[in-house]
Amino acid sequence: MFDNKRYITRGIDAEIPFELQLFIWECIDRMPEPKDYFQIFELNDLGGMQRIIHFLEQSEYRMNYFIPPNKTVIAKIYVIDSEDYSTMLLANEY
């Protein structure tokens with residue numbers, strides 16, 4: 001799962017810095033098996049740090065990341081695996 005072609009939507013391209021996109025893909029790559037096809041990321045500002053909460057709806061998995069940003073982003077992102085490809089999109093594009 002998530003070992004296929006990867007795509008981003010126009011919303012992701014416009015609103016999420018490339019470095020954060022790569023970080024999100026890496027979070028998925030490094031998470032333990034089994035992986036759910038539907039990954040959720042909440043991005044927000046916490047005291048000037050970029051906070052990223054990675055969780056799943058169908059599992060107990062939850063990770064918090066704090067990274068120093070060039071500019072903090074506030075967004076909810078879904079990453080969905082459809083077996084043939086994976087897509088990263090903003091929640092409002094779903």
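Strands S3 (49–55) and S4 (62–67) of this predicted model pair in the antiparallel sense over 6 bridges, where strands are DSSP runs of E of at least two residues and helices runs of H or I of at least four, numbered from the N terminus, and pairing requires at least two DSSP bridges between two strands. Within this pair isoleucine 52 stands opposite tyrosine 65 in S4, and a hairpin of 6 residues joins S3 to S4. Residues are numbered from 1 along each chain as its sequence is written. Local features need pLDDT of at least 70 and side-chain atom pairs count only at pLDDT 80 or more, whereas totals for chains, interfaces and linings use all residues, and side-chain values use heavy atoms, with hydrogens and water left out.

The open sheet is formed by 6 strands in the order S1-S6-S5-S2-S3-S4, with mixed pairing. Strand S1 (5–8) and strand S4 stand at the edges with a single partner strand each, so one side of each is left without a neighbour in the sheet. S1 pairs with strand S6 (residues 85–90) in the parallel sense over 4 bridges, and isoleucine 8 stands opposite methionine 88 in S6.

Definitions and conventions. Contact = heavy atoms within 4.5 Å. Axes fitted to C-alpha atoms, helices over the stretch in contact; angles between N-to-C directions.
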